Amino acid sequence: MKKASFGAWLATFLLCLGFWMLVTLSTAPDMLIAGVIVSLLASLFAARFFIHESPFHLLNPKHLFSLLGYTLLVFPVELLKANWDVARRALSPALPINPGIVKVPSEMKSEYGQAMLANSITLTPGTITLDVAEDEQGKAWYYIHWIDVAEGTAEEQGETIKGTLEKWVGRIFE
């Protein structure tokens, strides 16, 4: 098992401490000390598993603002569109439901980008990312269970499923 670098440990510690403060919503000294201790212990064990690439990648303003735009604007819009589609299908039996598994190509190279895109797809109703695989050339492919498999090529189906998610996740991690 590879040892974590100091940067990976520090990034994990700061992330854990930030999450602790967000969950507890307290700046009382005893809560901060407890948060530091818990975050220190968690980061000592988790840093080598958690951070694989540049530990402070998101501190770059370009990536940070892209992440904020994605989480505050892009993903909520895509989530609402998917919720609306699934609600329409549930409330109107006449609308087709043609479930199936599609193999969708992706341009994501970063492990974090691949994971974020897969999770974003899974969080939108009507889709579940089953697997992310790479072919011999290193191209990523997502296997997605989709509520309404449309006719067309893998690229066309992929564009329908991914929408603008892949472009924005690429701005964050590529």
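Student: Which residues of the largest nonpolar core touch the most other members?

Tutor: They are Y70, V102, M116, Y142, I144 and I161, out of 22 residues in that core. α3 (61-91), β1 (100-106), α4, β3 (140-146) and α6 (165-173) each supply at least two of its residues, and α6 gives the most, with five. This is a predicted model: local features need pLDDT of at least 70, side-chain atom pairs count only at pLDDT 80 or more, and totals for chains, interfaces and linings use all residues. Residues are numbered from 1 along each chain as its sequence is written, and side-chain values use heavy atoms, leaving out hydrogens and water.

Student: What makes a set of residues a nonpolar core?

Tutor: Its members are buried Ala, Val, Leu, Ile, Met, Phe, Trp, Tyr and Cys residues joined through side-chain atoms within 4.5 Å. Y142, for instance, touches V102, M108 and L117, among others, not counting residues up to four places away in sequence; contact means heavy atoms within 4.5 Å.

Student: Why is α6 called largely enclosed?

Tutor: Buried means under 20% relative accessible area, exposed over 50%, and partly exposed in between (1.4 Å probe, protein chains only). Seven of the nine residues of α6 are buried, so the rest of the structure largely encloses this helix. The seven are L165, E166, W168, V169, G170, I172 and F173, and their cover includes α3, β1, α4 and α5.

Student: And why does G126 count as partly exposed?

Tutor: Because its relative accessibility is 24%. G126 sits in the loop between α4 (111-123) and β2 (127-134). Beyond neighbours within four places in sequence, G126 contacts V86, H145, W146 and I147.

Student: How do you know that β2 and β3 pair?

Tutor: Pairing takes at least two DSSP bridges between two strands, and seven join β2 to β3, which run antiparallel. The strands themselves are DSSP runs (E, at least two residues), as helices are (H or I, at least four), numbered from the N terminus.

Student: What makes β1 and β2 the edge strands?

Tutor: The open antiparallel sheet has the order β1-β3-β2, and β1 and β2 each pair on one side only.

Student: Which helix lies across β1, β2 and β3 at about 155 degrees to β2?

Tutor: That is α4. α5 (residues 154-162) also packs on the sheet, touching β1, β2 and β3, with its direction at about 90 degrees to that of β1. Such angles run from 0 to 180 degrees between N-to-C directions, with axes fitted to C-alpha atoms, for helices over the stretch in contact.
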